[in-house]
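Trainee: Please take me through one part of this model in detail, beginning at the surface and going on to the charged side chains.

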Amino acid sequence: MKRFLNKMKDPQERKYFCTMLGAKLLGAMAVFAVYYTVKAMLHGSNVWADDATTAPAAAAASAAVPAATAAAAATPAYVNPINTVWVLVTAFLVFFMQAGFMMLEGGFARSRETVNVMLEGIIDTCLCGLLFYGWGFAWMFGAGNGFIGNQYYFLHNIPDTYGTTGVPTLAIFLFQFAFADCTSTITSGAMVGRTGFIGDLLYSVVVSGLIYPLLGHWAWGPDGWLNNIHPAAFHDFAGSTVVHTIGGMIALAGAVVLGPRLGRKFKRDGGGPMPGHDMTIAALGTIILWFGWYGFNPGSTLSAMDTLGIARIATNTTLAAVTGGIVAMFVVYPRSKIWDCGTTCNGLLAGLVAITCPCYWVSPFGAICLGGIAGVVVVLATDLLEYLRIDDPVGAWPVHGAAGVWGTLSLGLFATGQYGAPTPTGADNSAGSVVTGLFYGGGLTQLKAQMIGSACIGGSALILGFILMYAVHYMTGTLRISKEGELQGMDIHEHGGAAYPEFTTGA
């Protein structure tokens with residue numbers, strides 16, 4: 001023991017020990033993953049069940065195959081074709097947001113790390129798809145308990161339709177995969193320019209395969225505990241908390257653990273943000289994200305038959321976006337005397353993030369109000385990071401973290417008390433299901449529920465984010481690229497070529 005303690009005083013020995021321990025733990029996890037994968041393939045979706053209980057179920061399922069095959073010739077009566085097409089089309093729109101994220105982050109980044117941003121966006125999507133297929137969907141949307149689901153591993157034994165939606169479970173999976181992918185991509189925005197590619201792979205696996213599905217189950221799972229708090233349940237219609245706050249808080253943790261990029265000088269020290277290399281693609285990425293948001297928010301009805309609800313959501317989404325962009329631009333102008341494109345883009349996105357939670361329950365006027373406040377919030381949050389000397393190249397935490405929290409709380413203020421929830425055949429606006437905020441006579445009841453949900457999910461995401469980033473940083477040493485690699489440029493150092501080789505003049 002004395003020899004061990006003496007060795008731990010040596011930084012090199014300590015790093016070697018942590019690396020070996022981490023490698024052994026990862027190896028053990030890989031063995032268990034292979035075991036449970038094979039078991040799931042052989043015995044069905046519930047990989048934690050005993051063989052004695054899964055074997056009869058597997059035998060019964062095998063016996064039912066001929067009957068199921070015969071019945072598959074016609075569309076079952078409980079499958080709603082219109083709603084299915086609606087969910088798939090909006091899933092494609094949400095997936096296309098990845099192009100927007102990649103262009104936005106690439107434009108705000110320096111030219112020498114553009115390839116890195118693009119490849120991270122692609123590989124994060126690939127990883128998320130496999131992880132969400134394996135167990136992410138099971139943990140998030142399977143029935144289990146208030147904290148984790150326990151069904152549908154590797155999409156085994158899934159029902160034809162999910163719950164009472166009338167939409168095939170596979171379509172719901174595809175829609176929710178696109179949401180999960182957004183969370184991991186949001187995380188990478190604050191870590192642009194100095195994150196090693198191996199480190200990015202490691203934290204992406206944990207974000208997509210563990211943190212997002214577990215915390216998401218609390219609010220969106222069929223038996224999530226936030227759905228059952230009294231006297232009012234927590235509401236997050238399309239993900240201001242579940243997608244954006246989770247991604248933004250993990251991004252903040254990553255930016256803090258990484259530290260600023262080399263050469264980054266903050267305003268307190270006489271400097272300012274490093275300019276992005278191409279505002280053309282950043283602005284285009286912003287508009288692509290806005291377009292994708294018309295799948296993100298209206299698609300969350302999971303029903304094309306709630307026509308008034310879809311129209312209201314799309315209109316609210318638009319009004320919050322335009323107000324957020326205008327307000328952010330005018331808030332910044334007096335201090336710099338310039339009309340800043342980057343700030344306007346982030347203000348627009350902050351409005352979109354904020355309206356994502358309350359979009360079904362607020363009026364167009366409420367959307368304008370909360371979108372305008374989001375434009376102020378994103379500027380103040382950016383100022384706070386600058387004051388604290390936290391380097392967030394694209395504004396991931398101000399846009400998604402801070403505006404996500406505001407959007408979640410805004411439901412408790414601006415919900416009109418007219419709307420309940422979408423159903424497969426239309427809206428349920430019965431007296432017991434409507435959501436009413438403080439400004440419309442609802443008191444503090446809904447606001448308290450929103451505060452509980454935002455604090456629990458956002459706080460947990462921040463804590464888990466710090467644990468994750470410190471673990472990757474100290475156990476593998478791969479979270480931050482070397483000084484030499486950053487000076488040379490990540491594209492050349494990590495990926496063997498520049499994004500713009502014709503214009504490269506040197507490091």
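**From a surface patch to paired charges**

Mentor: F365, L438, F439, Y440 and L444 make a nonpolar surface patch of about 510 Å² (residues over 30% relative accessible area without a salt bridge, nonpolar side chains joined within 5 Å, like charges within 9 Å; areas by the Shrake-Rupley method, 1.4 Å probe). This is a predicted model, in which local features need pLDDT of at least 70 and side-chain atom pairs pLDDT 80 or more, while totals for chains, interfaces and linings use all residues. Residues are numbered from 1 along each chain, and side-chain values use heavy atoms, without hydrogens and water.

L438 is partly exposed at 33% relative accessible area (buried is under 20%, exposed over 50%, partly exposed in between).

Turning to charge, the structure holds 8 salt bridges (a Lys or Arg side-chain nitrogen within 4 Å of an Asp or Glu carboxyl oxygen). In one of them, D391 meets R261 at 2.8 Å, N to O. This pair links distant parts of the chain, 130 residues apart: D391 is in the loop between α13 (364–387) and α14 (396–414), and R261 in the loop between α9 (240–258) and α10 (279–296). Both D391 and R261 are buried.

R264 pairs with E386, with closest N and O atoms 2.8 Å apart. Here the loop between α9 and α10, holding R264, is linked to helix α13, holding E386, across 122 residues. R264 counts as buried because its relative accessibility is 11%, and E386 is buried at 8%.

Key:
Buried < 20%, exposed > 50% of the residue type's maximum accessible area, 1.4 Å probe, protein only. Helix = DSSP H or I, 4+ residues; strand = E, 2+ residues; numbered from the N terminus.
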